Amino acid sequence: MTHLNKKSSSWNILFLCWLIVSVSAMGSLFFSYVMEFAPCVLCWYQRIFLFPLVIILAVGLFPFDKSVVQYALPLAIVGWLTAAYHNLLYAGIIPESIQPCSQGVSCTEEYIKLFGFLSIPMLSLLSFSTIIALLIILKRGIKN
Amino acid sequence: MKTHIIFGLTVVALIIIFVFGSSYYKGKQSEKFDFMAQENSELFVRDHSQTLGSDDAKVYLVEFMDPACETCAAFSSFVKQMMEANPGKIKLVLRYAPFHDGADYFVKILEAAKKQGKFWETLAVMYGSQGYWASHSNPQPQRIWQFLPQAGVNVEQIRKDMNDPAIAKLIDQDLADAKTLGVRKTPGFFANGKPLQNFGYQQLQQLIQSEINANYPN
């Protein structure tokens, strides 16, 4: 019985993680296709690491497979690093002259400020951080 | 089995939220533009703006365009057909949104040609020869000059007139209006202030037709 409970709570954590990933992916599509904000280069890199998680985590749910953490975590970490870099750039801590996007959309252009302070790069960092936290919790839970 | 149902319902819910969110957002945007069109019509038509068609036309089609934009070139004949099919009912207003790198160079040539009364001829030549000078990998703006005589313009005069600071100012004004109206891609169309929300030939035709029907009830 305890074994079953443990399994179902792990499933719930993974499901929550998938939900956050899906909402983030949908949000980014909403920004670019509905609100028509052109995504900058760094946004694309973050999407590259975010979008596959929608599928990978869903596959890990049916049937529940604990090894999904091993595949998902590296993607989430690289996505998190890109998001962190983007935020530093956006905040002006890293000067814009060394950023990789020279043509098209600037990575520091401000599109939205949710609740007065949340920018799109911050949303990305927030969701990658949550995803990583949940995956780590899942990993620890499985080990114990 | 229960987990499959939870997962399936979540997927469906997410899709529904996305679809409804989109239509809600677009509806709000449309209201906002309606208001802007009534309150500040100069955002859509400035005194310097080049227009085509009768002043009595009740449908104002505003197009934010870029001479170096392939889709603008592709749409120009379609817009012309729409105007011919509805004589006297549509007035086309061209606004500049030179988003391509270095595209303001061509806007300057256009404005200089306008002084010679050859705006539309020059624009047609530009659209027609775009492939030779506007390649994305290797833009060669200088190549436009060999095509300009086809428009029947005095090329030397254009070289002199195109550096008028008034032209640069007018481009800045158009770009500022484009930003206010949320135009981020070209061509950006508005029919009587209503933005073209889903891009495409058919969608543009529907937008124009609905404005014609609303303003010319039979």
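Helix 2 of chain A and helix 3 of chain A run roughly antiparallel to each other in this predicted model, because an angle over 145 degrees counts as roughly antiparallel and their axes cross at roughly 160 degrees. The axes of this pair, helix 2 covering residues 41–61 and helix 3 covering residues 68–90, come within 9 Å, and the crossing is left-handed. On the helix 2 side of chain A, the residues that take part include A:Leu42, A:Tyr45, A:Phe49, A:Leu53, A:Ile56 and A:Gly60. They meet a set in helix 3 of chain A that includes A:Val68, A:Tyr71, A:Leu75, A:Val78, A:Thr82 and A:His86. Sorted by class, this contact has 15 nonpolar residues, five polar ones and no charged ones.

What sits between these two helices? The loop between helix 2 and helix 3 of chain A is where A:Pro63 is found. A:Pro63 is joined to A:Phe62 by a cis peptide bond, with omega at about -15 degrees.

Stepping back to chain A as a whole, its secondary structure comes to four helices and zero strands, so the order from the N terminus on is simply α-α-α-α. Chain A has 144 residues, and 25% of them count as buried. Taking the contacts in chain A between residues at least 6 apart in sequence, 76% join residues at least 24 apart.

Read from the N terminus, they follow the order α-β-β-α-β-α-α-α-α-β-β-α. Of its 218 residues, 33% count as buried. For chain B contacts with a separation of 6 or more, residues 24 or more positions apart account for 77%.

Now to the nonpolar cores. The largest one has 50 residues, and B:Leu61, B:Phe106 and B:Ile208 are those with the most contacts inside it. Another core, of 20 residues, lies apart from the largest one. Among its members are A:Leu53, A:Val68, A:Leu75 and A:Leu125. Of these, A:Leu53, A:Val68 and A:Leu75 also turn up in the contact of helix 2 with helix 3 of chain A.

Chain B has a helix pair of its own to look at. Helix 3 of chain B (residues 104–115) packs against helix 6 of chain B (residues 165–180) at an angle of about 120 degrees, and the axes are 10 Å apart. The two helices are therefore oblique to each other, and helix 3 of chain B passes helix 6 of chain B in a right-handed crossing. From helix 3 of chain B come B:Asp104, B:Val107, B:Lys108 and B:Glu111, while helix 6 of chain B brings B:Ile167, B:Leu170 and B:Ile171. That makes four nonpolar residues, no polar ones and three charged ones in the contact.

A few loop residues of chain B also deserve a look. B:Thr186 and B:Pro187 are joined by a cis peptide bond, with omega at about -10 degrees, and B:Pro187 has its place in the loop between helix 6 and strand 4 of chain B. B:Asn192, in the loop between strand 4 and strand 5 (194–195) of chain B, is not a glycine, yet it has a positive phi of about 50 degrees. Is B:Asn192 buried or exposed? B:Asn192 counts as buried, because it has 20 C-beta neighbours inside 10 Å. B:Asn86, in the loop between helix 2 and strand 3 of chain B, is partly exposed, with 16 other C-beta atoms within 10 Å. In sequence, B:Asn86 and B:Gln209 are 123 residues apart, but in space their C-alpha atoms are 9.4 Å apart.

Finally, the two chains meet. In this interface, 11 residues of chain B are in contact with 12 residues of chain A. The side of chain B that touches chain A has four nonpolar, five polar and two charged residues.

Definitions and conventions. Residues numbered from 1 in each chain as written. Chains lettered and ligands numbered in written order. Predicted model: local features only at pLDDT ≥ 70, side-chain atom pairs only at ≥ 80, totals over all residues. Contact = placed C-beta atoms within 7 Å. Nonpolar A, V, L, I, M, F, W, Y, C, P; charged D, E, K, R; others polar. Axes fitted to C-alpha atoms, helices over the stretch in contact; angles between N-to-C directions. Parallel < 35°, antiparallel > 145°, perpendicular 65-115°, else oblique. Left-handed = near helix turned anticlockwise from the far one by under 90°. Core = buried A, V, L, I, M, F, W, Y, C linked by C-beta atoms within 7 Å. Buried ≥ 20, exposed ≤ 12 C-beta atoms within 10 Å, placed from the backbone.
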